[in-house]
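Please look over this structure and report on it. Short sections with plain headings will do.

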Amino acid sequence: MTSLASESTPIRQWWVLTARGLGSALRGGSMLTALIAPIVFTLGFYVPLHAVITRFSGGTVEYGRFLMPLIALQAVSFTAITAAFVAATDAVRGVDRRFAAMPIPAVVPVTARVSASTVRCVLAVAVAVVCGHVIGFRFDAGPTAAVAFCTAALAIGVILTLAADVLGTLSRSPEATTRALAVPQLVLGMFSCGFLPLEQFPQWAQPIVRNQPVSQFTITLRALADGNFDAHLLVPTLLWLCALLGIVGWMAVRVTGRRA
Amino acid sequence: MTTTTGTPTTQGIPVTTIVPAAENSIRMLLPHTWLQSRRLLTRWRRDPMTVVQTLAYPVAMLVMLDVVLGRQVTAFAGHDALYGTVPMVAVMSALLGSLAGTINLRRECEAGLPGRLWTLPVHRASALLSRSVAEAVRIAATTTVILAVGTALGFRFHAGALAALGFVAVPVIFGVGFAVLVTTIGLTWSNTGVVEAVSLLCTLLLFFNPGFVPATAYPGWIRPLVENQPMTAAVETMQAFSLGGPVAEPLVRILAWSAVLIGGCAIPLARRYRRALC
């Protein structure tokens with residue numbers, strides 16, 4: 001009976017389900033889209049706007065260098081949207097109900113999906129860094145800053161993934177969720193000071209732009225990459241992430257509580 | 001289709017004379033197509049996702065592009081950036097609507113609705129023709145709304161009223177062509193990933209057309225792509241219709257693109273559709 005006991009530990013279950021998620025990510029192509037997404041964002045933002053922004057700012061803004069944190073952020077948000085798709089697919093195909101009927105702790109399927117998505121997230125950050133290098137971004141502040149930057153981007157990505165997973169599970173509609181999340185991602189991304197320097201926005205929009213989450217995330221990431229990191233820059237980011245986690249945590253409890 | 005005509009009552013019992021009009025007669029094509037188009041349009045109007053995707057998002061996009069990049073692009077282009085973004089957003093709305101329509105069609109096929117309609121005495125061409133008609137009506141409507149928002153932001157027609165009609169006609173024609181293509185793709189590959197990939201490609205092409213930033217802002221290596229992709233032809237034609245300038249050359253290009261899409265996909269689409277029914 002020992003073999004049975006070892007197979008039914010939550011850790012083992014988590015591992016099996018994570019492997020399932022990774023397998024379907026490899027076969028379904030979402031691993032590939034996670035790799036392509038940062039390249040698409042780089043091409044889509046940098047290539048058309050480089051000349052426009054350089055001319056408008058009179059050459060004071062190095063756009064490639066400026067844009068890279070947003071590319072990393074958009075790349076991880078893209079993997080979060082994929083996670084919503086996966087979660088909604090699981091929900092609508094009855095996989096969730098099936099798991100709920102089995103002796104698996106309620107958190108294991110969610111954790112496994114987030115773990116599989118974290119792998120996509122790591123790939124996305126790595127490609128984003130390479131893309132950033134191509135368009136002129138450098139970690140001048142040394143390897144510590146580089147590690148801090150990547151860790152922060154990854155942490156934001158994982159939290160967004162968790163949120164997206166809950167939304168997908170709730171919506172039970174893979175296509176609708178993907179589409180519904182893709183445009184806010186673009187809008188928040190472009191309406192942020194990761195996209196343009198704050199002073200290039202119209203006066204009335206500046207307070208909104210400055211305080212919205214994506215702006216704060218990019219400000220934190222940029223500070224980490226530059227090495228001139230200040231603790232008070234982290235506060236708004238942490239508050240936004242905590243708020244998101246709070247809402248999502250509450251929703252997740254509702255979702256997993258509504259089992260079977 | 002059978003039509004009931006003249007109901008004279010003999011001894012109080014209504015007598016219906018049934019005239020067997022061929023369901024595939026030309027006479028039936030128009031009413032059947034219109035009936036099915038109305039069904040699709042009602043469906044879209046009542047589906048919040050389609051409304052959000054074809055109207056709310058493009059309008060939000062238009063306002064955002066004007067707020068965020070309006071001044072920068074205006075400074076670069078020498079004319080108001082709206083003469084690029086309004087056409088671009090209208091085309092985008094048309095394309096996103098077609099993608100949503102394809103997903104709806106797939107869902108209907110899974111539910112067996114087209115197969116059910118096929119068993120009725122309905123003109124055979126009306127099923128697919130009605131999709132194109134419905135697309136055209138939807139795109140004309142969304143383009144008008146986008147134009148209204150653009151006008152509020154400062155967009156004006158400098159080439160007269162007839163040009164305004166031409167402006168609306170361009171996304172309608174190109175949108176129908178794109179819908180034929182994307183429906184064929186959607187019915188050929190059952191994997192949702194393919195439609196998603198097309199969607200991603202469209203998003204990418206959005207960033208590489210002269211509606212986003214003027215063509216001269218793109219680096220030389222990508223300019224051939226920017227100048228020759230189909231959306232560019234649509235945007236340039238619409239720009240010429242609104243801002244004034246030579247219209248014929250881009251108009252011919254966009255008509256050619258649409259003709260190629262429709263001509264290339266019509267027969268495969270009809271075959272895929274019949275296969276999807278059973």
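## Helix H8 of chain A

At 1.5 Å a residue, the 17 residues of H8(A) should span 24 Å. The expected span is 1.5 Å times one less than the number of residues. The end C-alpha atoms of H8(A) lie 25 Å apart, which agrees. Helices (H or I, at least four residues) and strands (E, at least two) are DSSP runs, numbered from the N terminus.

Buried residues of H8(A) include Pro174(A), Glu175(A), Arg179(A), Leu181(A), Leu186(A) and Met190(A). Buried means 20 or more other C-beta atoms within 10 Å of a residue's own; exposed means 12 or fewer, and partly exposed is in between, with C-beta atoms placed from the backbone.

## Model and confidence

This is a predicted model: local features need pLDDT of at least 70, side-chain atom pairs count only at pLDDT 80 or more, and totals for chains, interfaces and linings use all residues. Residues are numbered from 1 along each chain as its sequence is written, while chains are lettered from A and ligands numbered from 1 in the order in which they are written.

Chain A averages a pLDDT (the predictor's confidence in each residue, from 0 to 100) of 88. In chain A, 95% of the residues score at least 70. Confidence in this chain is lowest in helix H1 (residues 2–7), at a mean of 54, and highest in helix H6 (residues 107–134), at 94.

## H8(A) against H2(B)

The axes of H8 (residues 174–190) of chain A and H2 (residues 48–77) of chain B come within 10 Å and cross at roughly 10°. Axes are lines fitted to C-alpha atoms, for helices over the stretch in contact; angles run from 0 to 180 degrees between N-to-C directions. H8(A) and H2(B) are therefore roughly parallel. That label covers angles under 35 degrees; over 145 is roughly antiparallel, 65 to 115 roughly perpendicular and the rest oblique.

H8(A) contributes Ala176(A), Arg179(A), Val183(A), Val187(A) and Met190(A) to the contact. Among the H2(B) partners are Met49(B), Tyr57(B) and Val68(B). Contact means C-beta atoms, placed from the backbone, within 7 Å. By class, the contact has nine nonpolar, one polar and one charged residues. Nonpolar covers Ala, Val, Leu, Ile, Met, Phe, Trp, Tyr, Cys and Pro; charged covers Asp, Glu, Lys and Arg; the others, Gly among them, are polar.

## Chain B and Val86(B)

Chain B has 10 helices and four strands. Its C-alpha trace spans about 80 × 40 × 35 Å along the principal axes. Of its 278 residues, 40% count as buried.

Val86(B) sits in helix H3 (residues 82–111). Val86(B) is buried, with 29 other C-beta atoms within 10 Å. Beyond its neighbours within four places in sequence, Val86(B) contacts Leu62(B), Ile146(B), Leu147(B), Gly150(B) and Phe155(B).

How values were computed:
Two residues are in contact if their C-beta atoms, placed from the backbone, lie within 7 Å.
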